[in-house]
Every structure is written in structure tokens, then in C-alpha cells.
Amino acid sequence: MSGTTQAPAIDGWWATDESGSPHLVGARCPQCGTYVFPPRANNCPNPACAGDELEQVPLSRRGTLWSYTENRYAPPPPYPAPDPFEPFAVAAVALADEGLIVLGKVVEGTLAADLKVGMEMELTTMTLFVDDEGVERTVYAWRIAE
Ligand SMILES: [Zn+2]
């Protein structure tokens with residue numbers, strides 16, 4: 001590996017622990033315990049709750065594949081599109097502890113034919129594109145858990 005610089009393509013949606021393992025960063029309402037992803041500072045998503053301050057919390061690194069699709073077209077924001085565009089799988093992964101379903105790209109080399117609902121998936125990161133300054137912009141992604 002060279003001394004390539006890496007930086008998230010989207011700030012604040014995931015973090016890395018001391019062992020180098022990435023996890024998503026969500027927000028949790030301290031009043032009713034509802035989680036939300038991506039994280040935000042206020043507005044509890046629970047319509048029955050008046051909570052207005054959400055706290056940032058790490059989310060589970062693993063979840064169960066709930067649904068998936070294969071995208072053959074350039075993705076919508078916030079994902080900048082690599083050029084040339086390559087088809088990729090998108091997974092909706094259920095995090096049981098949080099009661100959340102988190103959409104994300106699936107790592108390169110894994111397409112819809114490799115996936116099956118109910119599989120255990122784990123969070124990783126991948127390089128999305130290299131920007132004009134040569135910085136590798138990374139994004140969180142799902143991969144089939146080992
Ligand atoms: Zn709440």
C-alpha cells in the first residue's frame with residue numbers, strides 16, 4: 001500500500017473503532033429509545049414521542065439481509081457515481097437491536113445472484129472514487145458476513 005489518503009465520501013455516517021472495524025453512527029431518542037439512521041440531532045422519528053434531542057450512538061456491525069436489488073444505473077445522491085459506472089448490488093439490512101433497516105451498497109464483486117434474504121451481513125467500507133486531489137473517498141458498504 002502506498003501512502004494514499006482516505007476520507008469519507010459522506011461525513012458522520014460511520015466511524016471506526018480501535019481495532020479498525022467500521023460501524024454505522026445512528027441517533028437514538030433518549031425518551032423512547034427509537035433509533036434513526038442517518039444520524040441527526042433532533043426530531044424523534046416516533047410520531048407518538050415529543051422527544052426533540054437525539055443522541056449519537058454506534059449501531060450494530062451485523063444485521064440480516066432483508067431485501068436487495070441490483071442497480072444498473074448511476075446511483076442517486078448522496079452516492080457520487082463512479083465513472084465508468086459499474087452495476088452494483090444494494091442491500092437493505094435489518095439491525096435487530098435497533099429495529100432499523102439500513103440501505104447500503106454491497107461490496108464490489110458481490111451481485112444480486114450471490115445474495116439471499118436472511119443472510120448475515122456485516123459492515124465494511126469501500127473506496128467509492130478518487131477525488132481531484134487524489135484522496136480515496138470511502139463509503140460504508142455491506143458484505144456477506146464471514
Ligand atoms: Zn422519541
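**Exercise 1.** How many residues lie between strand 2 and strand 3 in their hairpin, and which residue in the turn has a positive phi?

*Solution.* Before we start, note that this is a predicted model, where local features need pLDDT of at least 70 and side-chain atom pairs count only at pLDDT 80 or more, while totals for chains, interfaces and linings use all residues. Residues are numbered from 1 along each chain as its sequence is written.

Step 1: find the strands, which are DSSP runs of E with at least two residues, numbered from the N terminus. Strand 2 covers residues 14-16 and strand 3 covers residues 22-28.

Step 2: check the pairing, which takes at least two DSSP bridges between two strands. Here the two run antiparallel over 3 bridges, with Thr-16 sitting opposite Pro-22.

Step 3: look at the turn. There are 5 residues between the strands, and Gly-20 has the positive phi, about 90°.

**Exercise 2.** Work out which other strands pair with strand 3.

*Solution.* Step 1: go to strand 4, joined to strand 3 by 2 bridges in the antiparallel sense. Ala-27 faces Val-36 there. This is a hairpin too, with 6 residues between the strands and Gly-33 at a positive phi near 80°.

Step 1: move on to strand 5, which pairs antiparallel with strand 3 over 4 bridges. Val-25 has Pro-58 as its bridge partner.

**Exercise 3.** Is Ala-50 buried or exposed?

*Solution.* Step 1: locate Ala-50 in the loop between strand 4 (35-36) and strand 5 (55-58).

Step 1: count neighbours, with C-beta atoms placed from the backbone: 20 or more others within 10 Å means buried, 12 or fewer exposed, anything in between partly exposed. Ala-50 has 10 within 10 Å, so it's exposed.

**Exercise 4.** Pick apart the largest nonpolar core.

*Solution.* Step 1: collect buried Ala, Val, Leu, Ile, Met, Phe, Trp, Tyr and Cys residues joined through C-beta atoms within 7 Å. The largest such set has 20 residues, and those with the most contacts inside it include Leu-24, Leu-65 and Trp-142.

Step 1: ask who contributes. Strands 6, 7, 8, 9 and 10 each give two or more residues, and strand 7 provides the largest share, 5 residues.

Step 2: zoom in on Leu-24. Beyond its neighbours within four places in sequence, its contacts (C-beta atoms, placed from the backbone, within 7 Å) include Trp-13, Phe-37, Val-102 and Tyr-140.

Methods. Contact = placed C-beta atoms within 7 Å.
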